[in-house]
Amino acid sequence: MRILLDENITQKSIPVLEKYGHDVIHVLHRFYAGESDEDVFRLALEEQRALITLNGKDFVILIPPRAELELHYGLIWLRGFQVTNKTYECIMDAIGLYLKNKGESIVNTYFVVKKREGVYEMIQRFPRFSHRAASLEQ
């Protein structure tokens with residue numbers, strides 16, 4: 001999967017995600033610090049990359065259901081916890097493994113990553129699936 005890390009995600013995350021076979025770049029590989037969220041999102045669209053950010057509230061307004069956008073390549077929002085030099089590797093391992101095991105693109109999908117009982121979980125927020133629909137897919 002092609003991934004773009006937002007400025008607020010450490011560049012040390014790149015090799016962690018790459019070990020799962022992902023093609024990863026950091027915003028600072030393309031822009032100077034402080035680039036607008038709209039330009040960062042445009043880059044993700046142009047390069048067909050899922051965006052990983054701590055700043056999800058600024059990007060979620062740019063994608064469905066809040067915006068009439070036909071296509072985006074996925075948004076992963078690290079929400080409700082601190083990402084530190086001690087925790088980034090565990091967080092990126094959870095994301096990298098999840099995306100590898102998913103086996104498909106996350107086009108037009110938005111996730112939050114939350115910490116529950118010491119474990120980082122990917123939770124799909126859009127589009128939402130009912131429990132019945134999820135059980136039928138399994």
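This talk goes through one predicted model, from its confidence to its sheet and its salt bridges.

Some ground rules come before the details. The model is predicted, so local features need pLDDT of at least 70 and side-chain atom pairs count only at pLDDT 80 or more, while totals for chains, interfaces and linings use all residues. Residues are numbered from 1 along each chain as its sequence is written, and side-chain values use heavy atoms, with hydrogens and water left out.

Confidence is the opening topic. pLDDT is the predictor's confidence in each residue, on a scale from 0 to 100. The chain has a mean pLDDT of 86, and 88% of its residues reach 70 or more. A contact here means heavy atoms within 4.5 Å.

Now the sheet. In general, strands of a sheet pair through backbone hydrogen bonds, either parallel or antiparallel. I count two strands as paired if DSSP finds at least two bridges between them. In this model 6 strands form an open sheet with mixed pairing, in the order S2-S1-S3-S4-S5-S6. S2 and S6 are the edge strands, each pairing on one side only. On average, neighbouring strands are turned by 25 degrees against each other, direction ignored.

Within that order, S3 and S4, the latter being residues 75-78, pair in the parallel sense over 3 bridges. Ile52 has Ile76 in S4 as its bridge partner. S5, residues 110-116, and S6, residues 119-126, run antiparallel and are joined by 7 bridges. Lys115 stands opposite Tyr120 in S6. S5 and S6 form a hairpin with 2 residues between them, and Glu117 in the turn has a positive phi of about 50 degrees.

Helix H4, residues 88-102, lies across S1, S3, S4, S5 and S6, and runs at about 50 degrees to S6. For that angle, axes are lines fitted to C-alpha atoms, for helices over the stretch in contact, and angles run from 0 to 180 degrees between N-to-C directions.

Last, the salt bridges. How many does a search of the whole structure find? It finds 7, a salt bridge being a side-chain nitrogen of Lys or Arg within 4 Å of a carboxyl oxygen of Asp or Glu.

Arg30 pairs with Glu47, with the closest N and O atoms 2.8 Å apart. This pair links distant parts of the chain, 17 residues apart: Arg30 is in the loop between S2 and helix H2, and Glu47 in the loop between H2 and S3. Buried means under 20% relative accessible area, exposed over 50%, and partly exposed in between, with a 1.4 Å probe and protein chains only. Arg30 is partly exposed at 42%, whereas Glu47 is buried at 17%.

Asp39 and Arg42 form another salt bridge, with the closest N and O atoms 2.5 Å apart. Both lie in helix H2, 3 residues apart, about one turn of the helix.

Glu121 forms a salt bridge with Arg116 at 3.5 Å between the closest N and O atoms. Elsewhere, salt bridges that share partners join Arg2, Asp23, Arg30, Glu47 and Arg49 into one network.

Conventions: Helices (H or I, at least four residues) and strands (E, at least two) are DSSP runs, numbered from the N terminus.
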